[in-house]
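User: I would like to learn how to read strands, helices and contacts from a set of coordinates. Please take me through one case.

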Amino acid sequence: AHNTNGERQAGLDLYADDRFLEAAGRAPVAIYASEERPHPVILDPSAPLILAIDPLDGSSNIDVNVSIGTIFSMLPMSGDPDRDPLSCVLQPGSAQLAAGFFIYGPQLALVLTLGEGTHLFTYAPRFGTFVYTRAGLKVPHRSNEFSINASNRRHWDEAVRHYVDDCLRGAEGPQGRDYNMRWIASLVAETYRILVRGGVFLYPGDGRKGYSHGRLRLVYEANPIALLIEQADGLATQTQHPILSMVPTSLHQKTPLVFGSRSEVAQVAQYHLNREPVGDRSPLFGTRGLFRN
């Protein structure tokens, strides 16, 4: 089976979606909007909350035992759910009341914001509940780590190439310091790492068919991650403009996403505003470089 985005659904995707829908039905949730469903589900029109959710992020990593998770966004009920439930869901990320994700890794953890900082909870089997582990997570403003799928370099626009090329030039380049690259292909794992030790994550749009607007979904992936990061003193953009200011036009709308340490995210935006030919900037990736196009 495939979901509305054409991605193959693992059995665990569907199981997680069913379990979260069932749980939402026992909570004050008016509308349940999921990555795994083409349309929002009306639960209780009189309830005050909307739940937008990616029930199982990173499910392609199940077979290789990499951390996966659940991303969720809580919105205030707005509009007439009986008449048009979708329009109720299509609110900017700045309207979110809460956001968070569970990460199913070596530890079961919950990262949560209610709009007053980003906090970490860890599941304690001994007590059978989550324990408040760290209050007020702060993303370091500077970092020497970036996260991107470098195999897609040939499809990136020049601004993204410039930024990554300059990172790879290390201390001898314009950044003036050496970088490490990370890529887990699990959004919750990438976000958790950045919240703990800083860095920048990039999933830009690129030249591949179906990727011009990126691949991550605005409503239930980019918006909750952006709120968590900004509440932790980081930044989140669609390469130039804040993610949280975007008004979605469809439930499964895609967006480019850049988030993490403030100075790095701001620098990515500057690269998009100040374009120069790649060959003039980076001998490594220039026309005579090792990785020429």
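User: Which residue of β15 is the bridge partner of Thr237?

Analyst: Helices (H or I, at least four residues) and strands (E, at least two) are DSSP runs, numbered from the N terminus, and two strands pair if DSSP finds at least two bridges between them. Here, Val258 in β15 is the bridge partner of Thr237. β13 and β15 (residues 257-260) are paired in the antiparallel sense, over 3 bridges. The model is a predicted one, where local features need pLDDT of at least 70, side-chain atom pairs count only at pLDDT 80 or more, and totals for chains, interfaces and linings use all residues. Residues are numbered from 1 along each chain as its sequence is written, and side-chain values use heavy atoms, with hydrogens and water left out.

User: In what order do the strands of that open sheet run?

Analyst: The order is β10-β9-β11-β15-β13, 5 strands with mixed pairing. β10 (180-182) and β13 (235-237) each have a single partner strand and stand at the edges, so one side of each lacks a neighbour in the sheet. From one strand to the next the twist averages 15°, with axes taken as lines fitted to C-alpha atoms (for helices over the stretch in contact) and angles running from 0 to 180 degrees between N-to-C directions.

User: Which strands stand at the edges of the sheet of 8 strands?

Analyst: That open sheet has the order β2-β1-β3-β4-β5-β6-β7-β8, and its pairing is mixed. β2 and β8 (129-134) are the edge strands; each has a single partner, so one side of each is without a neighbour in the sheet. At the β8 end, β7 (residues 118-124) pairs with β8 in the antiparallel sense over 5 bridges, and Thr122 is opposite Val131 of β8.

User: What are the partners of β1 in that sheet?

Analyst: β1 pairs with β3 (residues 49-57) in the parallel sense over 5 bridges, and Val29 has Leu49 of β3 as its bridge partner. With β2 (residues 41-42), β1 pairs in the antiparallel sense over 2 bridges; there Tyr32 is opposite Val41. β1 and β2 make a hairpin, with 6 residues between them.

User: Is β1 mostly covered or exposed?

Analyst: Buried means under 20% relative accessible area, exposed over 50%, and partly exposed in between (1.4 Å probe, protein chains only). In β1 (residues 29-34), 6 of 6 residues are buried, and the strand is mostly covered.

User: How many residues of helix α3 are buried?

Analyst: In α3 (residues 158-168), 9 of the 11 residues are buried, so the helix is largely enclosed by the rest of the structure. Among them are Arg161, His162, Asp165 and Asp166. The N-terminal end of α3 is capped by Asp157, with a side-chain oxygen 3.2 Å from the backbone nitrogen of Ala159. After α3 comes Gly170, with a positive phi near 65°.

User: What does the side chain of Thr70 contact?

Analyst: A polar contact is a pair of N or O atoms within 3.5 Å; within protein, one must be able to donate a hydrogen and the other to accept it, and residues adjacent in sequence count only if both atoms are side-chain atoms. Thr70 belongs to β4 (residues 68-76) and counts as buried because its relative accessibility is 0%. Its side chain has a polar atom 2.6 Å from the backbone oxygen of Pro55, and a polar contact of 2.7 Å joins the side chains of Thr70 and Tyr104.
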